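Okay, thanks everyone, I'll keep this short. Have the model up on your screens and let's walk through a bit of helix packing.

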Amino acid sequence: MTTVITVRDFSVIFDAYLQFEESMLSTKIEMLDDSDSGDNENEEEGEDDRLDIEKLRNSIREFWLMDEKDVDLRLARLENLMDRRPELANSVLLRQNPHNVEQWHRRVKLFEGNPTKQILTYTESVRTVDPMKAVGKPHTLWVAFAKLYESHKDISNARVILDKAVQVNHQAVDHMASVWCEWVEMELRHKNFKDALELMRRATAEPSAEVKRRVAADGDEPVQMNIHKFLRLWTLYVDLEESLGSLDSTRAVYERILDLRIATPQIIINYAMLLEDNKYFEDAFKVYERGVKIFKYPVPTCPRYLGHLSFKVCQEIWKVKTGTCSRVI
């Protein structure tokens with residue numbers, strides 16, 4: 001059962017093994033009934049033998065080495081075999097493809113209530129699964145592993161797991177971003193706001209020139225090289241700065257988004273509205289102007305932009321697109 005690689009072969013062997021154990025148990029029960037009837041007949045003779053020390057020693061020796069009354073042991077072994085069937089079947093599927101993420105998650109669920117075995121299973125899974133060969137999303141194994149520690153109030157080990165996860169070369173940038181977001185959300189759940197902001201700064205930091213040269217020389221670019229341009233991280237980052245940071249730090253994040261040219265129309269509008277709410281009207285107009293230059297016509301920011309600027313100002317910004325603005329109005 002520990003070497004077969006098909007479910008069909010496993011089922012045949014398991015059923016045969018189960019049938020063998022059941023037949024042995026039935027035989028032992030019948031033998032036990034026969035021996036009990038014989039013991040009742042010789043009970044009086046046995047009382048005299050108990051006074052003989054040598055015979056008593058022989059009886060003890062025979063009990064440990066030649067015990068035929070092992071019904072309880074065989075019954076426990078049969079129950080254990082039946083309980084292990086899901087685990088053994090899962091092992092067969094993992095031998096077929098050790099990079100199947102869903103099967104690893106199912107294996108962990110089999111050990112629910114046993115944190116030690118769950119930790120060992122997660123450890124084996126993240127060591128075994130190759131992200132480039134994985135079926136499913138391998139980053140979910142790291143996230144679930146960290147949440148297991150978090151659920152048992154072990155935040156330090158959860159951080160260790162997530163720190164290792166962000167160093168793995170995942171299949172896609174989105175997978176890496178998901179790990180960073182889960183880490184930040186964990187810190188927020190435990191009210192570690194400064195740590196959450198620091199994580200976002202770390203996640204969105206652009207790789208140094210030395211790192212870029214080394215990666216270019218290797219020829220294999222990991223996802224870590226592009227994570228700093230991933231909009232999902234920046235969106236979370238700017239939300240945190242608006243909630244926890246200062247106006248200057250929030251503006252710095254928005255400016256960085258614009259510099260990377262990954263802004264969406266909604267981000268442009270949010271940035272401008274932030275400046276308007278804080279009475280920075282001139283700066284808000286400049287943000288709208290930058291947004292108009294970034295996006296080609298039709299520009300989703302244009303209707304709101306025109307709500308603040310006069311038609312002549314819009315013409316000046318658009319220049320050669322004067323007729324376009326006229327049609328929008």
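Predicted model: local features only at pLDDT ≥ 70, side-chain atom pairs only at ≥ 80, totals over all residues.

**Helix packing around α10**

So, α8 and α10 cross in a right-handed way, where right-handed means the near helix is turned clockwise from the far one by less than a right angle, and left-handed means anticlockwise. Residues are numbered from 1 along each chain as its sequence is written, and side-chain values use heavy atoms, with hydrogens and water left out.

The big picture: 19 helices and zero strands in the protein chain. Those are DSSP runs numbered from the N terminus, H or I of at least four residues for helices and E of at least two for strands. Of 329 residues, 36% count as buried, that is, under 20% relative accessible area with a 1.4 Å probe, protein chains only (exposed is over 50%, partly exposed in between).

Back to our pair. Helix α8 is residues 139-151 and helix α10 is residues 173-189; their axes come within 9 Å and cross at roughly 15 degrees. Axes here are lines fitted to C-alpha atoms over the stretch in contact, with angles from 0 to 180 degrees between N-to-C directions.

Who touches whom? From α8 we have H139, V143, K147 and E150, meeting H175, S178, V179, E182, M186 and R189 of α10; contact means heavy atoms within 4.5 Å. That splits into three nonpolar, three polar and four charged residues. For the classes, Ala, Val, Leu, Ile, Met, Phe, Trp, Tyr, Cys and Pro are nonpolar, Asp, Glu, Lys and Arg charged, and the others, Gly among them, polar.

Now α10 with helix α13, residues 231-244: about 20 degrees, axes 9 Å apart. That makes this pair roughly parallel too, but here the crossing is left-handed. D174, A177, S178, W180, C181, V184 and L188 of α10 meet R232, L233, L236, L240 and L244 of α13. By class that's nine nonpolar, one polar and two charged.

Last stop, L148, which sits in α8. Buried or exposed? L148 counts as buried, because its relative accessibility is 11%. Beyond neighbours within four places in sequence, L148 contacts Q118, I119 and Y122. Y122 is 26 residues away from L148 in sequence, with 9.6 Å between their C-alphas.

Methods: Parallel < 35°, antiparallel > 145°, perpendicular 65-115°, else oblique.
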